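Welcome! Let us take a friendly walk through this model, one part at a time.

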Amino acid sequence: MDIQKELEKVLNKEQILINEPMKKHTSFKIGGPADFLVIPYTKEELIEVINFCTKNNINFYLIGNGSNLLVSDKGIRGVVIKTTGLSKVEVKDNIIIAECGASLAKVSKKALENSLKGMEFASGIPGSIGGAIFMNAGAYGGEMKDIVERVLVLDKEGNLKILNKDDLEFAYRYSNVQKNGYIVLEVELKLEKGDYEEIKRVMDELNGKRVEKQPLNFPSAGSVFKRPQGYFAGKLIEDAGLKGMRIGGAMVSEKHAGFIINYDNATCEDVLNLIKLIQDKVYEKFGVKLETEIKFVGE
Ligand SMILES: Cc1cc2nc3c(=O)[nH]c(=O)nc-3n(C[C@H](O)[C@H](O)[C@H](O)COP(=O)(O)OP(=O)(O)OC[C@H]3O[C@@H](n4cnc5c(N)ncnc54)[C@H](O)[C@@H]3O)c2cc1C
């Protein structure tokens, strides 16, 4: 089957990229080519692409901003669907309805403009809202679960479902979107009326902390490891003497040991080897097993 021709029945030519380097679509700036990378602009287009892939047994993988992804050097076989073309955000009173590809920065800005408080914690997380639901993204004491009201998903059988927040089994960096293979299409957030100046002050303060503490001048995927119970991954890595440790172009950040940075044209293999070294050393020294937060994808 000519996949390109079939995709062109659903999308315009410029929405279909062939042999597209994934390093252009990940915050790590790492990753070989996707056979196809498509950018739908509407929910209908997104659903049609998924239905086409499912019916024809074509492997597909959804990405938002690619800010939590490590993509293999060989790339991804099949179709990568990037959601950032679906980025409408609407506000009704204290409710925000956002399409899955809207960035947390954009949604937070809308919240601020409407003097809605509750999502200040998320304003500096560089993901899409769909990715943030998948991960139950969180920072500075807040998590997506605190502000989500309902989510529109497509399930594996191709049915649309509205899930309430309790249906999503949110936990630390987890929602059952991961287990059930749901596609998050739209998210409804419930915020509270607040004071514009105060919301802005908190957002600026938290974003200032990020600039101060995180190596934002290098490509990365944020914290590589989940927080182990009772510890901080960054502290354990630092105490294991691994700050600045390099394998190939990948390096444990000197600024924040919980981050691996793409210091100099790192490959996925460099990062995987460095992850393994960190896990082994931390286990050897402290008996703590570090589990990755970032998602590995590809051949
Ligand atoms: C500098 C930096 C700082 C960061 N700080 C934080 C932080 O403070 N807190 C935090 O929690 N994270 C942080 N992250 C990680 C990342 O931004 C979050 O995990 C974010 O939620 C990922 O969203 P994304 O759109 O980039 O997802 P992607 O990386 O594109 O995808 C991540 C996973 O979500 C799935 N997915 C994406 N969209 C959808 C959808 N619509 N439906 C179903 N599944 C989907 C993908 O298939 C993939 O498995 C940071 C990353 C960086 C680079």
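## A five-stranded sheet

Five strands make up an open, antiparallel sheet, ordered β6-β7-β13-β11-β12. Strands here are DSSP runs of E with at least two residues, helices are runs of H or I with at least four, and both are numbered from the N terminus; two strands pair if DSSP finds at least two bridges between them. The edges belong to β6 (89-92) and β12 (160-164), each with a single partner strand, so one side of each has no neighbour in the sheet. From one strand to the next, the twist averages 15 degrees. (Angles run from 0 to 180 degrees between N-to-C directions, with axes fitted to C-alpha atoms, for helices over the stretch in contact.)

Strand β11 (residues 148-154) runs antiparallel to β12, and five bridges join them. Val 151 stands opposite Leu 163 in β12. Helix α2 (residues 43-55) packs on this sheet, touching β7 (95-99), β11, β12 and β13, where contact means heavy atoms within 4.5 Å. The direction of α2 makes about 145 degrees with that of β13. Helix α3 (residues 104-113) also packs on the sheet: it touches β6, β7 and β13, at about 25 degrees to the direction of β6.

## How to read the model

This is a predicted model, in which local features need pLDDT of at least 70 and side-chain atom pairs count only at pLDDT 80 or more, while totals for chains, interfaces and linings use all residues. Residues are numbered from 1 along each chain as its sequence is written, and side-chain values use heavy atoms, leaving out hydrogens and water.

## A four-stranded sheet

Another open sheet has four strands in the order β15-β18-β17-β16, with antiparallel pairing. Here β15 (220-223) and β16 (246-247) stand at the edges with a single partner strand each, so one side of each lacks a neighbour in the sheet. Two bridges join β15 to β18 (residues 259-262), and Ser 220 has Ile 261 as its bridge partner in β18. Helix α8 (residues 268-286) lies across β16, β17 (250-252) and β18, running at about 30 degrees to β17.
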